[in-house]
Amino acid sequence: MSEIAKAFDHGKAFIAFITCGDPDLETTGKVVRAAVEAGADLIELGIPFSDPTAEGPVIMEADKRALDNGITTDEIFEFTRELRENVRVPMVYMTYANVVFHYGIERFCKRASEAGISGLILPDVPYEESTEFKSVCSQYGMDLVSMIAPTSADRIAMIAKEATGFIYVVSSLGVTGTRNSIDTDLAPIIANIRANTDVPCAIGFGISNPEQCRRMASFADGSIVGSGIIKIIAAHGRDSAGPVGEFVKSMKDSIKDL
């Protein structure tokens, strides 16, 4: 079994996205541990990038804060290794192709694997261009997480059949960010995915409250929340761990009985 799949083996999964180094790595560590203690089943660690094209203003500003503070990829690898000493849930990195290319694909994947990372999400790498990343990830025991969007259409079956770890289903067009409502009819997309693979799927982009979290998880295998958490960190800074823990608990509680 993929390490990532373990996040889905005991019911609906709650996945928390947290930007590394916002406002500093010490705070990131406290926030990650608080999220896990509150019930997060998988952690996405964002490696900041100067041009995060899939992100809305909330996560873009978090990336900028972290980069302005001088965060480096090497520091994040070392931080992750230390985090893994007492964080047992699967963790994946979410970043952009340039970060990995600049570091060197094989060198990056080797360091990530050694740090205890189970997978990699690259939102700017389409399925058709993912072969090199996927093969190197596999070499180091990691999954390259596939993304499926409402625009994927006749590519859904193809992407699903090749997916490993979990499938990240994008809830709606546009960039990340909290939304008042998610109106995309995702049920047919989920049905198409399930007709082609047993790999679990989780929905992200726009989920900002327990009601949305529950509705998305009711027909997928889990929900992903990023901007809602990052907003709390932006508001509370170094005192974010407690409020993030409370927020994550409310999200996880909303899906426990599904």
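**Fold, aromatic pairs and selected residues**

Tyrosine 103 is buried, with a relative accessible area of 10%; buried means under 20%, exposed over 50%, and partly exposed in between, using a 1.4 Å probe and protein chains only. The model is predicted, with local features needing pLDDT of at least 70 and side-chain atom pairs counting only at pLDDT 80 or more, while totals for chains, interfaces and linings use all residues. Residues are numbered from 1 along each chain as its sequence is written, and side-chain values use heavy atoms, leaving out hydrogens and water.

The overall picture comes next. The protein contains eleven helices and nine strands; these are DSSP runs numbered from the N terminus, with helices being H or I of at least four residues and strands being E of at least two. The radius of gyration is 17 Å, close to the 18 Å that the globule rule gives for 258 residues, so the protein is as compact as a globular protein of that length. Here the radius is taken over C-alpha atoms, and the rule is 2.2 Å times the number of residues to the power 0.38. The C-alpha trace spans about 45 × 40 × 30 Å along its principal axes.

Of the 258 residues in the protein, 57% are buried. The accessible surface comes to about 10700 Å², and carbon and sulfur atoms contribute 50% of this surface; the areas come from the Shrake-Rupley method with a 1.4 Å probe, and for residues only the protein chains shown count as cover. Among contacts with a separation of 6 or more, 73% are between residues 24 or more positions apart, where contact means heavy atoms within 4.5 Å.

A search of the whole structure finds ten aromatic pairs. Rings of Phe, Tyr and Trp (its six-membered ring) pair if their centres lie within 6.5 Å, with planes under 30 degrees apart called stacked, over 60 edge-to-face and the rest tilted. One of the pairs is formed by phenylalanine 8 and phenylalanine 166, and this pair is tilted, at 5.8 Å centre to centre and 40° between the planes. The two partners come from distant parts of the chain, 158 residues apart: phenylalanine 8 belongs to the segment before strand 1, and phenylalanine 166 to the loop between helix 7 (156-162) and strand 7 (167-170). Both phenylalanine 8 and phenylalanine 166 are buried. Another pair, between phenylalanine 77 and tyrosine 103, is edge-to-face, with 5.3 Å centre to centre and 70° between the planes. Phenylalanine 77 sits in helix 3 (residues 73-83) and tyrosine 103 in helix 4 (residues 97-103), so this pair ties together parts that are 26 residues apart in sequence. Like tyrosine 103, phenylalanine 77 is buried, at a relative accessible area of 1%.

Phe8 and Phe166 also take part in one aromatic cluster with Tyr168 and Phe205. Phenylalanine 205 is located in the loop between strand 8 (201-204) and helix 9 (210-219), and at 7% relative accessibility it counts as buried. Another backbone feature is the cis peptide bond between aspartate 22 and proline 23, where omega is about 0°. Proline 23 belongs to the loop that runs between strand 1 (13-19) and helix 1 (25-37).

Three further residues can be followed through their surroundings. Glycine 46, in strand 2 (residues 42-46), is buried with a relative accessible area of 3%. Not counting residues up to four places away in sequence, glycine 46 touches Phe17, Ile18, Thr19, Cys20 and Met94. Its C-alpha atom is 12 Å from that of leucine 67, a residue 21 positions apart from glycine 46 in sequence.

Serine 118 is in the loop between helix 5 (105-114) and strand 4 (119-121) and is buried, with a relative accessible area of 7%. Leaving aside neighbours within four places in sequence, its contacts include Glu3, Ile4, Pro90, Met91, Val92 and Gly141.

Valine 36 is found in helix 1 and is partly exposed, with a relative accessible area of 22%. Apart from neighbours within four places in sequence, valine 36 is in contact with Ile43, Val87 and Val89. Glutamate 106 is 70 residues from valine 36 along the chain, and their C-alpha atoms are separated by 29 Å.
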